[in-house]
Amino acid sequence: MNSTSQPILKVTDVSKSFGSVQALKQVSFEIFPGEILAILGENGAGKSTLMKILNGLYRLDSGKIEVDRGWFSDGTPQGLDPVFLESPKQTLDIGIGMVFQHFQLVESFTVGENITLGYEFVRDKSSSGYQRILMDYEKTNEEIMRLSNEFKLPVDPSKKVEDLPVGIKQRVEILKQLYRQANLLILDEPTAVLTPLEVDQLFNTMASLRKSGKSIVFISHKLKEPLHIADRIIVIRKGEIVSEVFPQNVDESILANLVVGRKLLSRIHRELIKSKKLLLAVQSLNYEMNDVPIIKNLEFELRTGEILGVAGVEGNGQTELSMILIGLLKETAGNIFYYSKNNEVPISLNSLSTLNRLNSGIGFIPEDRNLHGLIDNFSIAENVWLAYHSNVEQAHQFIKDNENRESLNKGYILPKKLMEDISKKIIKAYDIKAPNSKILTKNLSGGNQQKVIIGRELSKTPNLVIASQPTRGVDIGVMEQVHEELINLRNNGSGVLLISADLDEVLKLSDRLIVMFEGEIVAELSREEVELQKLSLLMTTGKGGK
Amino acid sequence: MSTSGLQVGILKTKGIFNSLQIIFISLVFSFLSLMVLYFILLTFGFALPVDALFKYGVYQVFFTQDGLSGILFWGGPLILTALAVAIAFQGGLFNIGGQGQFIIGGLAGAIWAASIVPKNLPFLNFPLFMVPTTMLIGAIFGGIYGFLPGYMRAKYEAHEVITTILLNILALNIAQYLVGSRTYSPFVDRTKVDAYGQTELISKSATLSPIFPAFSQSVTYGLLVTVLIAVLMYFVLFYTRLGFKIRAVGLNKHAAEANGIKSDRITIITMTISGALAGLAGILLVQSSSVPRYSIGIEGTLGFDGIAVSLIGLNNPFGIILAAFFFGFLQQARLNLDTSTNIPSDLIFVFQALVVLFVAAPYLSRIVINKFQRFNKTQIIEIKEDST
């Protein structure tokens with residue numbers, strides 16, 4: 001970044017509130033040409049709101065936004081003009097392009113069709129008859145190859161998007177914005193879905209875009225990445241910009257304190273557990289979908305007082321494994337044995353229903369919280385009750401309320417008071433930001449939704465927890481808390497199967513680690529023998545083990 | 001996943017006080033529909049006689065005994081058929097088989113009370129036994145007729161919209177076979193020449209008597225049963241474990257399953273209850289009728305109208321009671337206008353259709369609801385901050 005240049009976009013005193021909650025309070029900052037600006041903050045800090053204002057999806061309550069139209073159109077600064085951003089189309093016309101975390105791609109279209117969507121090449125007028133209305137795929141491909149070479153983003157324009165790995169899809173998304181002549185790119189949590197290797201590639205891309213004069217706003221809640229790639233970091237907390245720092249002047253811990261606003265004390269204490277009993281044994285587990293093997297001959301054991309991490313790039317059978325263990329998918333072959341509490345004889349899970357598995361002391365934190373975890377249009381209390389609907393006794397145990405026990409109530413009639421008490425207890429214990437337990441969970445932020453699920457599952461003091469991506473898309477504060485809870489569970493003698501694409505998380509928590517690649521376990525490592533380099537190789541190629 | 005269920009899902013509400021919203025919505029949409037109607041007529045060169053419209057269409061309906069009894073008479077059966085649709089909606093299903101379930105319920109109950117008991121079990125032919133069992137038979141057979149598409153949906157993923165439509169046609173033909181013909185139908189009164197197309201009169205001990213004998217339209221204790229059922233449905237949906245599971249499956253089947261709810265079983269139960277409600281509507285209509293028998297075509301479009309009523313009532317039992325009486329009012333107004341003015345009664349159908357069209361556009365309803373809430377000075381607490 002060079003400090004002498006003029007800003008190309010200036011945000012002054014922007015405020016935005018939803019109902020009684022102020023999401024942004026007088027936010028001001030500038031973006032300069034050819035810089036990567038990172039906006040860092042927890043979930044719920046107001047990052048997304050800010051971004052949606054810049055994209056024209058939300059309108060601001062007060063404040064102003066100015067852009068340098070000259071720079072956006074041909075690169076010569078002309079000074080700032082105020083603009084009113086009213087629609088994504090309008091921001092695109094100015095030259096602001098947005099890459100969402102959830103890609104806006106048509107899966108069954110080719111790369112070329114996706115990139116040119118909305119601004120397609122049609123054969124020119126000289127063509128005869130019906131040909132005039134046909135798409136000009138040659139020209140499309142030509143143009144994309146040109147862009148792809150110019151910005152060093154290799155893609156194959158004729159490939160279908162659904163066949164591409166996530167990293168390439170993101171590249172297509174970026175190319176789409178470049179094709180639409182965006183000079184300022186806003187990337188929303190771009191690394192959340194990527195493997196470590198893909199993250200490196202993305203950073204190379206960002207660096208080369210910067211070189212060719214584009215500006216990038218990089219939104220993140222991770223600490224390492226902005227330090228690595230950004231020119232300037234803006235930290236946002238509770239809707240306010242709390243500081244602006246340069247990466248060369250700070251380190252991770254300083255940044256963490258800025259983001260969270262308090263000192264993060266890592267209270268993780270890994271107790272040494274001596275007597276470990278077998279808890280879960282998976283034997284030659286196979287799963288096929290439409291005759292395609294997804295899981296091949298999986299064998300592993302999990303013991304009490306242990307966190308077994310399952311590392312691997314997403315889509316290598318981990319999702320299916322978690323679904324099979326909880327009974328949402330039926331295995332093709334293999335045995336699963338589980339030792340419930342105070343039980344010396346294992347029970348075979350194969351024939352048990354999901355409900356029976358849950359009631360035998362298994363907790364499930366699903367990968368997709370809005371699909372398998374929560375019912376968006378249910379209140380917090382109702383969502384919490386999902387875990388207790390056929391186990392009222394346990395709900396009483398959790399609340400330890402023997403006096404007001406509605407002894408006649410076997411659960412056929414919803415015990416509204418009990419439901420409320422439980423959810424209040426969970427809201428309090430996990431510091432869920434909600435005015436009361438009657439709020440629909442769709443109105444909570446992602447982090448708070450995740451806390452509802454985790455609070456609910458752990459409130460049953462499970463014997464075994466299957467945790468799939470337990471901290472996906474949640475901020476550092478919540479992440480720490482979830483990690484603590486999982487470790488506590490382990491220290492108290494429960495077992496945790498931790499499936500996570502976040503390598504840092506797996507490394508931090510696991511006692512033991514298995515690496516899955518294409519449905520197989522390609523390595524089993526103890527905590528001590530993990531090497532990052534080797535692990536990364538194992539995850540991406542399946543080779544590199546012993 | 002039922003797309004229609006999701007569509008309508010936006011409008012699902014809960015709570016007695018939301019009934020105020022429904023009145024508000026009905027009024028706003030009625031007004032809008034009236035405006036549209038006015039302009040439609042204007043383009044054809046007619047002016048709507050507003051005076052006559054209000055005199056016969058509103059005043060005489062609300063402020064005369066005839067009018068009021070008409071509202072109750074026409075609205076009553078709609079409550080049950082709409083409840084049938086609503087509970088299916090709550091469970092994420094779109095039951096358009098109300099028509100068929102109505103027929104089967106009415107037919108089975110009528111045959112029970114007209115042929116089976118009087119001829120084979122005459123010693124049971126007393127009101128205390130006959131009135132409830134006839135209702136029960138109607139509900140059970142309607143329930144069986146709802147169970148079928150529910151089972152097919154749960155076990156074979158046959159979409160209930162398709163299967164219920166087919167079952168509607170099948171029901172018509174079953175009725176045709178059982179009572180349609182003088183030559184082969186088993187349950188017609190063969191002693192009379194023109195008795196085909198209907199069952200025999202049901203035993204007097206199975207009929208329901210009018211609450212207010214003075215009313216011109218007979219409003220029977222069936223209405224009381226209906227309202228009780230509506231209250232019961234409200235309780236079941238929002239205060240019991242079964243209702244909890246139904247709503248859970250309806251809102252997010254996957255999350256319900258992940259939390260140990262057997263969604264297949266719930267789907268079957270939901271459709272069975274839904275069918276039973278429509279079947280009950282059928283038999284109550286038979287029992288309340290002044291010529292108490294099942295005759296082919298008695299269902300009119302009650303089953304389908306239930307969909308519209310359920311929509312306007314926001315799939316909430318209390319809302320449905322209001323919406324059904326709103327439809328009853330429209331019907332009565334149509335009859336009044338037909339006899340007393342030269343306004344074509346078809347226009348009321350156009351009017352009804354317009355109201356439903358407005359309601360069926362969820363965004364429109366939401367705008368109205370939002371306005372209502374602002375008007376009602378209730379603050380919606382929105383704590384959506386940052387959803388990454």
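**Close-up views of a predicted model**

**Figure 1. Leu538(A) lies in helix H19 of chain A, which spans residues 532-541.** The model shown here and in the following views is predicted. Leu538(A) counts as buried because its relative accessibility is 1%, and buried means under 20%. A second residue of chain A, Val522(A), is 16 residues away from Leu538(A) in sequence. In space, the C-alpha atoms of Leu538(A) and Val522(A) are 7.2 Å apart.

**Figure 2. The largest cavity of the structure holds about 190 Å³ of space.** Its lining consists of 15 residues, and those closest to the cavity centre are Phe73(B), Gly76(B), Pro77(B), Thr220(B) and Ser288(B). Three helices of chain B each supply at least two residues of this lining: H4 (65-90), H8 (221-239) and H11 (263-288). The largest share, five residues, comes from H4(B). By class, nine of the lining residues are nonpolar and six are polar, while no charged residues are present. In total, the structure holds three cavities of 30 Å³ or more.

**Figure 3. The second largest cavity contains about 90 Å³ of space.** Residues of chain A line this cavity, among them Leu153(A), Gly167(A), Ile168(A), Arg171(A), Leu194(A), Glu198(A) and Thr205(A). Helix H6 (166-179) and helix H7 (196-211) of chain A each contribute at least two residues to the lining. H6(A) provides the largest share, with five residues. The lining of the second largest cavity divides into five nonpolar, four polar and two charged residues.

**Figure 4. Tyr151(B) and Tyr156(B) form an edge-to-face aromatic pair.** Over all chains, the structure holds 19 aromatic pairs. In the pair shown, the ring centres of Tyr151(B) and Tyr156(B) are 6.1 Å apart. Their planes stand at 70 degrees, and the pair is therefore edge-to-face, a class that applies to angles over 60 degrees. Tyr151(B) is partly exposed, with a relative accessible area of 31%. Tyr156(B) counts as exposed because its relative accessibility is 59%, and the cut-off for exposed is over 50%.

**Figure 5. Tyr234(B) and Phe238(B) form a tilted aromatic pair.** The centres of the two rings lie 5.1 Å apart, and the planes of Tyr234(B) and Phe238(B) are at 55 degrees, so the pair is tilted. Both residues belong to helix H8 of chain B, where four residues, about one turn of the helix, separate Tyr234(B) from Phe238(B) in position. Tyr234(B) is buried, with a relative accessible area of 9%. Phe238(B) also counts as buried, at 2% relative accessibility. Tyr234(B) and Phe238(B) are part of one aromatic cluster, together with Phe235(B), Tyr239(B) and Phe318(B).

**Figure 6. The charged end of Lys416(A) sits over the ring of Tyr239(B).** The charged end of this lysine of chain A is 4.3 Å from the centre of the ring of Tyr239(B). Tyr239(B) is one of the residues of the aromatic cluster that includes Tyr234(B) and Phe238(B).

**Figure 7. The charged end of Lys425(A) sits over the ring of Phe398(A).** In this view, both residues belong to chain A, and the distance from the charged end of Lys425(A) to the ring centre of Phe398(A) is 4.4 Å.

Note on methods: Residues numbered from 1 in each chain as written. Chains lettered and ligands numbered in written order. Predicted model: local features only at pLDDT ≥ 70, side-chain atom pairs only at ≥ 80, totals over all residues. Heavy atoms only, no water. 1 Å grid on protein atoms, 1.4 Å probe; cavity = no way out; pocket = protein on both sides within 12 Å on 5 of 7 lines; lining within 4 Å. Points joined across faces, edges and corners; volume = space filled by probe spheres on them. Nonpolar A, V, L, I, M, F, W, Y, C, P; charged D, E, K, R; others polar. Buried < 20%, exposed > 50% of the residue type's maximum accessible area, 1.4 Å probe, protein only. Phe/Tyr/Trp six-rings, centres within 6.5 Å; stacked < 30°, edge-to-face > 60°. Lys NZ or Arg CZ within 6 Å of the ring centre and 35° of its normal.
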